[in-house]
Amino acid sequence: MTQNGAENAPIGLGIAGLGMAGAVMVHAAAAHPGYSLRAAADPHAAPREAFARDHNARAYSDVSMLVADPAVEAVYIATPHQFHREHAVLAAQHGKHVILEKPMALTLGDCDAIVEAAERRKVTLIVGHTHAFDPNVRLMRRIIAGGELGPLGMIHSFNYTNFLYRPRRPEELDTAKGGGILFNQVPHQIDTVRLLAGGLVRSVRASASVLDSARPTEGSCAALLQFEGGVAASLVYSGYDHFDADEWHFGIGERGAPKAIDHGAARRALAHVDDETRSRTETFAYGSGSAAMPPHQPHFGITIATCARGDLRASADGVTIYGQGGMREVPIERGEGMPGRREALDDMRAAIRFGRRPVHDGRWGKATLEVALAILQSTREGREVMLEHQVAVDGSPG
Ligand SMILES: NC(=O)c1ccc[n+]([C@@H]2O[C@H](COP(=O)([O-])OP(=O)(O)OC[C@H]3O[C@@H](n4cnc5c(N)ncnc54)[C@H](O)[C@@H]3O)[C@@H](O)[C@H]2O)c1
């Protein structure tokens, strides 16, 4: 194969975990010309069989078999949070490049073990997807960095969802096992504001709440992040299925599809579910949902950045600038494939084939987890927490 042939060859991708996130990534990778789906692993037979049939690919019951498959060059890991360290280290040890879902792991020590395993085998590690990969967040970053609106002062990220009342595996409701919004949802907001403000969070003051004793993990949170250089970001999240922030985002859902707002519907439906784990698999696992590409851009609630000469907002189809001359829209081409996941796949491909350093590497993922853990610590201790493991967008240490 010529040099160009090798660069153009699709990357053989394996999927670990064929649940909600795994299913979305299967559709995103199937639509990406730079990837070829080769295999997947999941203990559940139904999504495995559907995947093998739809993609003429192998399906294993165990991740150890997936990472040993020679046709797999990179593994996307979307297994439950408590397995992220084990599965990422295993993949790296087998010489596979890794896209690891958020949260990177449960502790900073776990993150170090993953980074070390990837560096030892010289494989690429990307922590994502998060909504920081969304095209409208990347465009906001470019506009801010371009300087036309002057210096950035503050960012507001605000989301209200039904997160806590979707059918959940038991560990998803146990903070010690990586459950709750701090490990699952708020990392989207942390990653986004870190990307927009340059990456280096100096301190966190936060208060997270457990408001439903039947679902005993953090379901809401208010946090103030102070960045090096003076930028502040406020993160507000509630997953209690009362208000829905998509009502204020043009009636469009998280992945970009039109959405019928129905406050409290998830909570009411959950009252009729006997076995949440089974219901989760039947509702969300690969083979049970739609592969349709949504018509609008993905988003995570409302994201607004305030600069000296204007505000920027991630909108339905691009970025809205509210400037001194009025309001204007900077549209984003919808393009082929699934926005957000497509960018994570692009970054992995650019790293593997062309040696480009991804922003969302292992050290970046660890820094995002550090902020999430600091929110929990600040809640427990009722004080501001200083951070020590932050990295900048360009990879330099804080
Ligand atoms: N980036 C996003 O927008 C996004 C969206 C949803 C979930 N996620 C992340 O994806 C990951 C998975 O979450 P989910 O919502 O898809 O959960 P899920 O419960 O829907 O799916 C998890 C899947 O992993 C499988 N699994 C369990 N143990 C396994 C093992 N030992 N080996 C292989 N597979 C195993 C389960 O059978 C299930 O199919 C989490 O890290 C979550 O935070 C990310």
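This is a predicted model: local features need pLDDT of at least 70, side-chain atom pairs count only at pLDDT 80 or more; totals for chains, interfaces and linings use all residues.

Student: Which residues have the most contacts inside the largest nonpolar core?

Tutor: Val-204, Leu-225, Leu-312 and Ile-375, in a core of 83 residues. Helix α13 (residues 362-381) gives the most to this core, 8 residues.

Student: What makes a set of residues a nonpolar core?

Tutor: They must be buried Ala, Val, Leu, Ile, Met, Phe, Trp, Tyr or Cys, joined through side-chain atoms within 4.5 Å.

Student: And why does this core lie between two domains?

Tutor: Because domain 1 (3-131 + 340-360) and domain 2 (133-333 + 368-386) both give residues to it. The domain bounds come from an automatic or database domain assignment.

Student: Why does Arg-215 count as buried?

Tutor: Buried means under 20% relative accessible area (exposed is over 50%, partly exposed in between; 1.4 Å probe, protein chains only). Arg-215 has 6%, so it counts as buried.

Student: What makes the Arg-215 and Glu-276 side chains a polar contact?

Tutor: A polar contact is a pair of N or O atoms within 3.5 Å; within protein, one must be able to donate a hydrogen and the other to accept it, and residues adjacent in sequence count only if both atoms are side-chain atoms. The Arg-215 and Glu-276 side chains make theirs at 2.8 Å.

Notes: Residues are numbered from 1 along each chain as its sequence is written. Side-chain values use heavy atoms; hydrogens and water are left out. Helices (H or I, at least four residues) and strands (E, at least two) are DSSP runs, numbered from the N terminus.
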